Amino acid sequence: MEKREERSPLELSVEKFEHMLELRSQVNMIVAGRVKTIVRVGVISMAVVAVIFTLSIYLMASRMEYMAAAMVTMNKHFSSMSDNMGRMREVITAMDANVAAVPAIVGDVTAINRSVDGMEGHMAAMRGEMTGLDRSVQHVRDSVALMNGTFWNMNRSVYGLDREVNTMSQPARGFNQMRSFFPFPFP
């Protein structure tokens with residue numbers, strides 16, 4: 001105690017100041033350690049997010065090939081359907097010509113029978129075209145079903161990605177909650 005009394009107020013002030021600087025240095029070391037940990041976790045989280053985005057882009061690109069193939073198939077079947085419609089128009093035009101000839105040969109039963117026979121042949125051709133049209137429509141239905149399955153798989157992939165992003169963001173949310181425990185304000 002005698003030494004304290006012998007010291008001047010300036011020496012006491014310098015000693016207190018040095019003690020405050022030492023305490024400040026210790027606090028700075030603690031804060032630096034925490035900041036380093038936060039930065040490391042942040043960098044790791046960003047790397048994981050980048051990997052997940054890369055995987056999601058790959059998954060979407062791989063599903064696009066299936067969808068594009070289904071669209072090409074559907075386009076072929078629509079073209080086939082369009083061709084069948086053109087042939088049906090030709091058959092209907094031929095039927096019109098046969099029907100137009102009927103009034104001119106009303107008196108001739110043999111000619112009427114030939115026209116009716118010709119119409120029956122055209123009807124048989126139309127039945128064949130309708131069967132082909134039914135097949136084309138079935139192919140279109142199959143393509144739409146394939147696209148539906150592809151969209152379903154894409155939805156599953158997107159929901160899985162959503163779950164993974166939520167799981168990965170858990171540590172970052174924890175840091176947000178821990179922020180209230182730090183005595184120093186963050187910029």
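Student: How does E15 count at 37% relative accessibility?

Tutor: E15 counts as partly exposed, because its relative accessibility is 37% (buried is under 20%, exposed over 50%, partly exposed in between; 1.4 Å probe, protein chains only). Bear in mind that this is a predicted model, where local features need pLDDT of at least 70, side-chain atom pairs count only at pLDDT 80 or more, and totals for chains, interfaces and linings use all residues. Residues are numbered from 1 along each chain as its sequence is written, and side-chain values use heavy atoms, leaving out hydrogens and water.

Student: Which side chain does E15 meet in a salt bridge?

Tutor: Side chains of opposite charge can pair when their charged atoms come close. Here E15 meets R7, at 2.0 Å from N to O (the cut-off is a side-chain nitrogen of Lys or Arg within 4 Å of a carboxyl oxygen of Asp or Glu). R7 is partly exposed too, at 30%.

Student: How many salt bridges turn up in the whole structure?

Tutor: A search finds 2. E129 also pairs with R87, their closest N and O atoms lying 3.4 Å apart. E129 sits in helix α3 (residues 109–168) and R87 in helix α2, so this pair ties together parts 42 residues apart in sequence. Helices are DSSP runs of H or I, at least four residues, numbered from the N terminus. E129 is buried at 17%, while R87 is partly exposed at 38%.

Student: How many helices and strands does the protein chain have?

Tutor: The chain has 4 helices and 0 strands, running α-α-α-α from the N terminus. Helix α2 covers residues 9–104 and holds M20, which counts as exposed at 52%.

Student: What share of the chain is buried?

Tutor: Buried residues make up 13% of the 187.

Terms used. Helix = DSSP H or I, 4+ residues; strand = E, 2+ residues; numbered from the N terminus.
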